[in-house]
Amino acid sequence: MSVESFSTKSRIASPGEGIGLDELQLAARNHGLPLEAMRYDVTPAGLHYVLVHYDIPYVEPAIWELTVAGCVERPLTLGLSALQAMPAQTVRVTLECAGNGRATLTPRPVSQPWFVEAVGSADWTGVPLASVLEQAGVSSDAVSVVFTGLDHGVERGVEQDYQRGMALADALADDVVLAYRMNDSELPPQHGFPVRLVAPGWYGMAHVKWLKSIELIDHEFDGFQNSVAYRMRTEPGETGEAVSRIEPRALIVPPGFPDFMSRIRFVRPGRVVLAGRAWSGWAPVDRVDISTDDGATWTPAILEESPHRWAWRRFTAEWDAQPGEHVLTARAFDSSGRIQPEVAAWNRGGFANNSTQKVAVVVTDG
C-alpha cells in the first residue's frame, strides 16, 4: 500500500456511523485518566492520559543527544548527563489533549475517540528552556522555535517527524522546561523518555516528546502539525485558527459506584460531597458552579486554594441526594473572563471541546 493511498483530509463520521475499527485501534493504544483518579492532586504516571501519534521510540540514554541550532550564536549538542547537570526546576502542570471530548460531538470527527478523560496533572522536573537558549545565544532574527521528536510516521499522506513550532516569546516563558523526570521518577517511555518539552497552559500537542532537536528560525513555523493539523476549522478548505491554550474546564469525580457497561452511577440518599477538578490554560480558575439537575439551576462550589499556577484546582459542594434520576454537571470560570460553555462550538477536528460534563446518577436505597 502506497503512502499516496491514504486520505489527506480529516474525516467526519456519517450520520449514524458507529466507532470504527481504526478508531478502536487508536483507543487501544492510547488511554485516558480514570475519572476517579482525579482524587489525586498529582496523577500517578500510569493513570495519566497518554496519546502517541506514531510509535513510542526506543532510546538508549547513553547515546541520546539534543541539538540546538538555527538562529543561534553557539549551536549546542547536549547529552542527557550534560542536560541533567544544569540547574533544574519542577513545575506542576495539568496536561489535556486538544481532542478531549471529541467522541461526544455530533457529527463526530473521526480520530482518537476521547470522552473527557484525556487529562492528568503531574510534577515535571527539568531544565528551563530559556536557560538552554541563553547558553546557545538567541540571534536577533529568531522568530520561532521548532521542536522535533524522535517519533516518525505518516499523517494524512505526509511522512514526517513529529514537529511543533512555538513563537519565541512563548518558548522563553520561565516555566517552560525540558523535562527528564515525572513525579520525581525517571520519565516513562510513553511520556517522552529521555526528554520532553513541557509548555504549561498549552494543549498536549505542544508538549513534544522524545526530543531530538530544537531549531530557531527566522519566520513563523509552517510545518504539518502547526499549519495542517490542530486548526479550528468548520469547513474543509478553511485555514482555521490555530489550537493553542487550554480552555477552562471543570470535571466532577463520579460519585457512588458504577454500572459496568453504562457507567451510570448509583448513590445512596442523603448528604453527598461532590468533588472535582478545574483548570484553564489562559488564566487561573476563580469560580466553579455545580448543577445536580442538568444545568437547570447552579450552585457555587467551594474552590480550594493552590500554589501551583498551572495545575488543576479541587472544588467541592454538598448535595442532598433525593431518590430518582439526576444529571450532575459543573462549569469553570477563569480570571480572564472565559466561561466553560454547556455546548462548545463545533469544529472538524473536535478540538478544544470544553462542553460541560454530564454524569448520570441514580439515587436509590438498594
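Select Arg271 and Glu318 to begin the tour: these two side chains form a salt bridge, with their closest N and O atoms 2.9 Å apart, where a salt bridge is defined as a side-chain nitrogen of Lys or Arg within 4 Å of a carboxyl oxygen of Asp or Glu. Helices (H or I, at least four residues) and strands (E, at least two) are DSSP runs, numbered from the N terminus. Both Arg271 and Glu318 are exposed, on a scale where buried means under 20% relative accessible area, exposed means over 50%, and partly exposed lies in between (1.4 Å probe, protein chains only).

Before going on, note that this is a predicted model, in which local features need pLDDT of at least 70 and side-chain atom pairs count only at pLDDT 80 or more, while totals for chains, interfaces and linings use all residues. Residues are numbered from 1 along each chain as its sequence is written, and side-chain values use heavy atoms, with hydrogens and water left out.

**More charged pairs**

Side chains of opposite charge can pair when their charged atoms come close. The structure holds 14 salt bridges, and a second one to select is that of Asp41 with Arg277, whose closest N and O atoms are 2.9 Å apart. Asp41 counts as partly exposed because its relative accessibility is 47%, whereas Arg277, at 3%, counts as buried.

Next, select Arg181 and Asp184, which form a salt bridge with the closest N and O atoms 3.8 Å apart. Arg181 is partly exposed, with a relative accessible area of 27%, and Asp184 is exposed, with 60%.

**Helix H3 and the residue after it**

Move to helix H3, residues 129-136, and colour its buried residues, which are Leu129, Val132, Leu133 and Ala136. Looking down the axis of H3, you will find that these buried residues fall within an arc of 95 degrees, so they line one face of the helix; the arc is that of the directions from the helix axis to the C-beta atoms. Just after H3, select Gly137, which takes a positive phi of about 80 degrees.

**Backbone features in the loops**

Most residues other than glycine have a negative phi, and most peptide bonds are trans. Select Arg156, a residue other than glycine whose phi is positive, near 50 degrees, in the loop between strand E5 (144-155) and strand E6 (158-167). Arg156 is partly exposed, with a relative accessible area of 25%. Asn183, which is not a glycine either, has a positive phi of about 55 degrees; Asn183 sits in the loop between E7 and E8 and is partly exposed, with a relative accessible area of 22%.

For the peptide bonds, select Thr106 and Pro107, which are joined by a cis bond with omega near -10 degrees, Pro107 being in the loop between strand E3 (89-96) and strand E4 (119-128). The bond from Phe193 to Pro194 is also cis, with omega near 10 degrees, and Pro194 is found in the loop between strand E8 (185-186) and strand E9 (196-198).

Where does the largest cavity lie, and which residues are nearest its centre? Select Leu51, Arg196, Gly204, His207 and Lys209, which lie nearest the centre among the 21 residues that line this cavity. Its volume is about 230 Å³, and the count comes to one cavity of 30 Å³ or more. A cavity here is a set of points, on a 1 Å grid over the protein atoms alone, where a 1.4 Å probe fits but cannot get out, and lining residues have an atom within 4 Å of a point.

**Two distances to draw**

Draw a line from Glu36, in the loop between H1 and E1, to Ile252: the two are 216 residues apart in sequence and 8.9 Å apart in space, C-alpha to C-alpha. Then draw one from Ala179, in strand E7 (residues 177-182), to Pro323, which is 144 residues away in sequence and 49 Å away in space, C-alpha to C-alpha.

Terms used: On a 1 Å grid over the protein atoms alone, a cavity is a set of points where a 1.4 Å probe fits but cannot get out, and a pocket is an open set with protein on both sides within 12 Å along at least five of seven lines; lining residues have an atom within 4 Å of a point. Grid points are joined across faces, edges and corners, and a volume is the space filled by probe spheres set on the points.
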